[in-house]
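Subject: Structure handover

Hello,

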Amino acid sequence: MTRFDRSKITDSAYAEEFRPDRRTLLSLGVGAAVAATGLRSAQAQDYPARPVQVLVPFAGGSASDVITRILLNRMSTSLGQAFVVDNRPGAGGNIGTAAAAHAAPDGYTLLMSTSGPLAANKALYKDLPYDPLKDLAPIGLFATLPNVIVINSKLPPKSLAELIDYAKGHPRELNYGTVGVGSSQHLAAAYFEQLTGTELTHVPYRNIAAYTPDFIAGQVPLGFQLLPNVLGLIKSGDARPLAVANDNRMTALPDVPTASEAGLKNYESAAWLALLAPANTDKAVVDKLYKAMVEAVNDPKVRALFVEQGAEPLVMDPKSLTDFMTSETTKWAGIIKKIGIEPM
């Protein structure tokens, strides 16, 4: 066998002699892509092979946290792995949401986030450390928490129309409490002022526990609250629910009209809960998670527990959730700008 003598050819000739042709390179590239796709497909079939971490950007025990745990318990049964909640509260939900957005897109770090971090915060914060529409892959929306307009039962208004008339007759005298600037309650109240031409006074609190005694005492007698925050007050008779900021009545408050039924059109405000993954997560993994999520929400026991917590079960698929996040971002940006909330 003749040995190849490297010294007898130039570098260019050597390169030409041993360069694979274009068809070979294309073949190699396609083969690698097919192999990678096959590997991802196999991994998706086996997914989840270990416990899944779910970041919740709010404190443990909050309404969104409790409802998320109900969902995940059912999903873990369906998929055969534990879903472990990791609470990362702070900065209006931005800290936990950013951590999930920048996690590895392997399906083992997920996010439960809400309307604030996924829509409104884009207009509320100057330097958001993530882009909800670019850095996250929606899996699906699974519940909503409509805002309920409640008033201290000792005050005169018995209906939403009467509340609006009362507020117009007492400009800036009606105090309403929230858990902070830019919160769901604050935006719901500001939106209400914008639509009705009323002027209210905002009293922010660190948490609902601090707000409740002042509501009962009548010092801050108005609320645009999530139902879990005021359900006890309604049951005790301290709070009178006047309307639900939703297009349908709430299952837990069947006798309370929607804002539209009560005469205030186009007033919808709710905290919605969604499950997401980091961008570029394998679509097969996202699809598998979405299927398990739908099975969980359709479980009568899960639905009953959601309603018990003041939530309305509602499913949106990844595409619908993307479109919804886009429309909600536009909606709240316009409202926030119009009412003059300066970005933080």
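Predicted model: local features only at pLDDT ≥ 70, side-chain atom pairs only at ≥ 80, totals over all residues.

Residues are numbered from 1 along each chain as its sequence is written, and side-chain values use heavy atoms, with hydrogens and water left out.

H5 and H12

Helix H5 (residues 115–124) packs against helix H12 (residues 318–339) at an angle of about 35°, and their axes are 8 Å apart. Axes are lines fitted to C-alpha atoms, for helices over the stretch in contact, with angles from 0 to 180 degrees between N-to-C directions. Helices (H or I, at least four residues) and strands (E, at least two) are DSSP runs, numbered from the N terminus. The crossing is right-handed, meaning that the near helix is turned clockwise from the far one by less than a right angle. From H5, the contact (heavy atoms within 4.5 Å) uses Leu118, Ala119, Ala120, Lys122, Ala123 and Leu124; from H12 it uses Met325, Glu328, Thr329, Trp332, Ala333 and Ile336. These divide into 9 nonpolar, 1 polar and 2 charged residues. Here Ala, Val, Leu, Ile, Met, Phe, Trp, Tyr, Cys and Pro count as nonpolar, Asp, Glu, Lys and Arg as charged, and the others, Gly among them, as polar.

H7

Of the 13 residues, 10 are buried (under 20% relative accessible area; exposed is over 50%, partly exposed in between; 1.4 Å probe, protein chains only). Among them are His186, Tyr191, Phe192 and Glu193. Just after H7, glycine 197 has a positive phi of about 75°.

H7 and H12

The axes of H7 and H12 come within 10 Å and cross at roughly 70°. That makes H7 roughly perpendicular (65 to 115 degrees) to H12. Leu187, Ala190, Tyr191 and Gln194 of H7 meet Lys331, Trp332, Ile335, Ile336, Lys338 and Ile339 of H12.

Aspartate 131

Aspartate 131 sits in the loop between H5 and strand E4 (136–152). Its relative accessible area is 18%, so aspartate 131 is buried. Not counting residues up to four places away in sequence, aspartate 131 touches Lys122 and Leu136.

Regards

Terms used. Parallel < 35°, antiparallel > 145°, perpendicular 65-115°, else oblique.
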